[in-house]
Amino acid sequence: MPVLLKMSVSLTFLRRPFARFFMPFTLQRKRRDLHSIILQRSMSYKTPAVSYPNKENTSSPDELQLDAWKTTMKSSVQGVSTVSSSTDEDPVAATKELIEVWRLLGKEVPEHISEEDLRVIMENTSKTSKKKYLKYLYTKEKLRKAKQVKKEMKAAAREEAKKDQLLETPEEGTQRNFLFLRLWDRSMSSAVGWKGAQAMQFGQPLVFDMAYDSHMKPKELQNSVSQLLESEGCNRRDVDPFHLYFCNLKTDSNSHTELVKRYKEKWDKLLLTTTDKSYVDLFPKGNIIYLTADSPNVMTTFKHDKIYIIGSFVDKNMQPGTSLANAKRLKLATECLPLDKYLQWETGTKNLTLDQMMRILLCLKNTGSWEEALKFVPRRKHTGYLDISQHSEAFSKHLKNSKTNNVFSKALSVRTKKLA
Amino acid sequence: MAFCLSGFRSFPKLWKNNLSLGSGPANSLFCAGHCAFRSQQRWLCLTTVSPQNTNATNLLIAKTRYGRKKDEGNNKQAASDSHLFAAGAAKKRSQMNPSNKDPIPPSQRNSMQLPTKPLTSEEWEKLKEDYKGRANFETWISAQLTHQRSSVNVAKSLLAWAAAKNNGIVSYDLLVKYLYLCIFHEQTSEIIDVYEIMKARYKILEQGGYTLLIRGLILADRWREALLLLEDVKKVMVPSKKNYDDCIRGAFLHQDVNTAWKLYQELLGYNLIPMLETLKAFFDFGKDIKDDQYANKLQDILLYLRNNQCYPGESFAHSIKTWFESIPGEQWKGQFTTIQKSGQCLSCGKMLESIYLTPEEYEFLKENIMRNVIDGGDQYKKTTPKELTRFQNFVKNCAPFDIVIDGLNVAKMFPRARESQFLLDVVTHLANQNLRLLVLGRKHMLTPGSRWKKDEMEKVQRQASCFFADNISKDDPFLLYATLHSGNHCKFITKDLMRDHKACLPDAKTQRLFFKWQQGHQLAIISRFPGSKITFQHVLRYDTVVQTTGDSWHIPYDEDQVERYSYEVPNKWLCLHRKT
């Protein structure tokens, strides 16, 4: 029995005390019931000598050794299956278990799932949408866990620091002279508030057009509201903020509820104008410029007497021309950022996020330099700046040269062609 | 070489039809189609591959089978700057794409030899110590075993070892992979064992597990339990068409015809498109059944193919042929053939169905184009209401046209030629044939510049009616509208495949209608040089669809060696007719 011996040896180091007694049982198929009992009681010592040199096994020991796991798999489970079979016809429970099996397979599904999320999954009709939502939950869960771990580590470090300080303080204990009490955050926010109030009175208007609720799915709407929050924050901190308008914002529309949910009680104290009226009712039509990437007109300079409009619209669904159609309907001037003129565009859409637009406009307002302002275009979308000024200078120089110096004219004209 | 290349570039943009053979010198090079059946190799043309080249081609097949998806972009790029079917092109392509090389076998990458015979526990332990990957060893090695299709016993020994280590419990993913191997090697008893284990251990499985179990169980005597598993799948999700395919095959394997039909109906009820293999199975089984009802149902399948514009594959076509020929007392005769340009079947001489739409279909399509493509819920997106009425009045006033020209598309055909010059050439060429022309364009074409000469545009306007839309309007919807409005005889010229406009249509049926109309009415210029004589792509006269006249069937099919794009139609036919 060389094989059997080997096997028992290999098992000894796993769970040494039982291995010798345990092995023969699993080898014997007929005694399945007995095994299960024995296994469930985590292997009693009582029946060691039942079948050590088993006659049935001698014919094909190799085969039997391979099949051993099956008996244990089947037998060890019997208890488990009876317990869980009570919730048999419930689709929710079935989905829950399905997710569990997916997790066993190493698929990207969350470990814990709330009832509400489960309901969303049940509502999603297609397989793909279910998987997508599960993956979303999975990444969310992962991020939350990572954050939790970080938080705990930080807390531990703080404890440590506190202990150290406690040891040091009794030795120091000296009084020191300060000019200010430590109130930085609060004084900052009040200063920002003053500036905001000033902007409400004298600032240049900047309009967010909130008329796209019906074009967006819930996820896109949430994203757009996040971006609005971000841009509002940017504007608040700026030296010379815009006077923000949220136009076409109907009360009880989806974006309104979402904004109130995110801002909470701060919503009524925000230093910006929200209205359900359209921008055409608030401002003279001639002064309005609708910013949209689909526009055929390129923005050359930032004009301080115009009212720029940004559509609060996250479009993941590829509906090109929606905002341009809106502007066309109201016969407004449209402009797009001169991205192609200044940047070597690589990938991605030319639609920028709301906060990026905000930062670019703020920068243009304060400095007027495109190079400076377009720094807020994500770096992954372009490979670098085009050197326009130098190009055109070089170009005109070449022209001059070709006029004055005939010898070079041919070569130079070839070069300029290449440049063009 | 360059000559062929330019031909190739423009060619795939238009649907193929075999009968245009010889209308241009480059066509003959592509006669067997530049495309290969999807599940087969990508770039392969049987007729043009010379014998000494087959080696290279086989190599290419082998290579493209691996990582085809990833390298698709690369392949295309490579193909565009070298003639596809030239000797050595395959090799060149493979050199150009270093990523296209055979993937390094994972065992080599990890410098670990996969076991070929069952190992003992110590040996597995040793193997595990050697393993230096990031993933779990058991998961990794079982994936490798599955990938290499190792023998069942090796996998079994792995499971035995894993179980012994883990209190006799094997994890789910190992079980699934083991099941896959059992099915691959058709080890029925093992499949049953795993099935028992899974049934005992897990109340519910995921789709992959179910699919494998179904596939495994249909081989065994307990195949009816596969149907129960299918019911389990339905509880949480819609079963895949492959699940149904497996079940239907199982039913046929065990001679249960009624169950097979029932499952087929269920499959259609879920709005799934059945696999062609499933349909083929019905025909294959039908050979031995002499039953009118069954025969009727098979004809229903053919009508399903017709209504959904599906084309059978080559082997399926053979099955259909043998089935028809096996019908006793009807004396069907089947032949593989092609169709003449005029729409006459080369084998039986019958005319095929015309490509033209019926008046009702035509009205329906016109209505739909207007509502969904041009209007689309927001007239401002593609045009403005003012412009639309201006255009509608314009079309109403000018009598029906014979040809509508997409001015910008035609003018920009050759980057070297001046736009207005080439447009004028085309317009003059057509005007000489006494055709009423409409040229659609944008307003910027009228502003004189280096590309648009004023006098040439004036000449165009003298020879044809012109309509210039706003620069930010889309001109294609106008083109469609004008053509549809002019009537059935009117054709339009553009190289655009109009796929974006097709996508605007609400359902598959309307899209198919649009495609049919487009095939019959779109002219495309196939001149290769600005100066050369202007010739047009031949327009199909007959509809490529499964069709019958009662005592004859004409069934287009896809050849195995040819990959067909979705905007192309097959050019091989199966002609079946009854001897009288």
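**Exercise 1.** Decide whether A:Asp164 is buried, exposed or partly exposed.

*Solution.* A:Asp164 has a relative accessible area of 40%, and the classes are buried under 20%, exposed over 50% and partly exposed in between (1.4 Å probe, protein chains only). A:Asp164 is therefore partly exposed. The structure is a predicted model, in which local features need pLDDT of at least 70, side-chain atom pairs count only at pLDDT 80 or more, and totals for chains, interfaces and linings use all residues. Residues are numbered from 1 along each chain as its sequence is written, chains are lettered from A and ligands numbered from 1 in the order in which they are written, and side-chain values use heavy atoms, with hydrogens and water left out.

**Exercise 2.** Classify the ring pair of B:Phe391 and B:Phe478, and say which helices hold the two residues.

*Solution.* Rings of Phe, Tyr and Trp (its six-membered ring) pair if their centres lie within 6.5 Å, and planes under 30 degrees apart count as stacked, over 60 as edge-to-face and the rest as tilted. The ring centres of B:Phe391 and B:Phe478 are 4.6 Å apart and the planes stand at 50°, so the pair is tilted. Next, B:Phe391 lies in helix H20 (residues 385-397) of chain B and B:Phe478 in helix H24 (residues 476-486) of chain B, so the pair ties together parts that are 87 residues apart in sequence; helices here are DSSP runs (H or I, at least four residues), numbered from the N terminus. Finally, B:Phe391 is buried, with a relative accessible area of 0%, and B:Phe478 is buried as well, with 2%.

**Exercise 3.** Find the cluster to which B:Trp261 belongs.

*Solution.* Ring pairs link B:Trp261 with B:Phe252, B:Tyr264, B:Phe282, B:Phe285 and B:Tyr294 into a cluster, and both B:Trp261 and B:Tyr264 are buried.
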